[in-house]
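Please examine the structure shown below.

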Amino acid sequence: MNTTNGIVLVTGGNRGIGCEICRQLALKGYTVIMGSRNYRKGIAAASSMEGTVIVKKLDVRRNRDVNELANWVAKEYGKLDVLINNAGVGATIASRLPRFLRPFLPLARKVKPMVVKAGLPLGNATVSTVSLPGVKSIMDTNFYGPWLMIQAFISLLEKSGQGHIINVSSGMGEWVSLNGEYPGYRLSKVSLNALTVMFSRELSEKGIRVNAICPGWVRTDMGGAEAPLTVGQGADTAVWLAEEKEGATGRFFRGRREINW
Ligand code: NAP
């Protein structure tokens, strides 16, 4: 198959920053594979995009989805150039509720003790009080998901010759800014940063670079309406890095500049 500028796989591509990354890269002539855990939502999001966007069902917590997609990419293209691990769940109850339940958010806040018990760091649910199943559930998507994805796609990224893994992390995972608030989310992102460094060292001999980015605070379902950045600005560093065919590995970027872990 004709593969234009390269083949890029974006997880959690149906809304928010991931959706914008897909849109911008497709416009630039990349073949974009949009992972969406709900196929129909992915199709709806891709329908307004220009260029080549292929929607595939992908829940990053599910071995089966991940392996089926890796097999499909192997058959269709025989390689993958860029893997963008964007899918994530946030620290607020708003981002954890299905959309149809979001009008009931004020009610959910009233039942805060239950919410706290579920591990969602509302109110005083800090690292001292948060319940661990909630933390584990955030880790499943934000940390084990990217790990599963990377393992499944190593051989296809190696075949690219210029394979690049971009993990969408967060300032909340910066070592220097760690504190007890939003414990599950912070832990998931600081762990993702560590995973980025570990894989960067192991995969450099295969010619695969592994980097992390922080998109900044972005107006999405997760970031909320108060966030200062648009999705366009939030997607910018990931898109810029995806286009860099050579360069750094094992680094952390925000606003196209390297930042400290
Ligand atoms: P968002 O608007 O809430 O979108 C999250 C995306 O991830 C959705 O497409 C969602 O799919 C998908 N997703 C969630 N769980 C998934 C799973 N198990 N498997 C596959 N896809 C899954 O969030 P966002 O603001 O765009 O955030 C994108 C990334 O940027 C995240 O990693 C986040 O931690 C990071 N980030 C965001 C901000 C910010 O201010 N927004 C700041 C720093 C870092 P569904 O539609 O199916 O739920």
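In which sense do β4 and strand β5 pair, and over how many bridges? In this predicted model, the two strands pair in the parallel sense, over four bridges.

## Strand β4 and its partners

Strand β5 covers residues 164-168. Within this pairing, Ile165 of β5 stands opposite Leu83. Strand β4 also pairs with strand β1 (residues 7-10); these two strands run parallel and are joined by three bridges. Here Val82 in β4 is the bridge partner of Val8.

## The two faces of β4

In a regular strand, side chains alternate between the two faces of the sheet. Strand β4, which spans residues 82-85, has Val82 and Ile84 pointing one way, while Leu83 and Asn85 point the other way. All four of these residues are buried.

## The largest nonpolar core

The largest nonpolar core holds 31 residues, and among these Leu80 and Phe153 touch the most other members. At least two residues of this core come from each of β1, α3 (63-76), α7 (132-160) and α8 (183-203). The helix α7 gives the most, with 10 residues.

Which residues does Phe153 touch, if residues up to four places away in sequence are not counted? They are Leu9, Val66, Leu69, Ala70, Val73 and Leu80.

## Another core

Apart from the core described above lies another, made up of 29 residues. Its members include Val10, Cys22, Tyr30 and Phe253.

Methods:
Residues are numbered from 1 along each chain as its sequence is written. This is a predicted model: local features need pLDDT of at least 70, side-chain atom pairs count only at pLDDT 80 or more; totals for chains, interfaces and linings use all residues. Side-chain values use heavy atoms; hydrogens and water are left out. Buried means under 20% relative accessible area, exposed over 50%, partly exposed in between (1.4 Å probe, protein chains only). Two strands pair if DSSP finds at least two bridges between them. A nonpolar core is a set of buried Ala, Val, Leu, Ile, Met, Phe, Trp, Tyr and Cys residues joined through side-chain atoms within 4.5 Å. Contact means heavy atoms within 4.5 Å.
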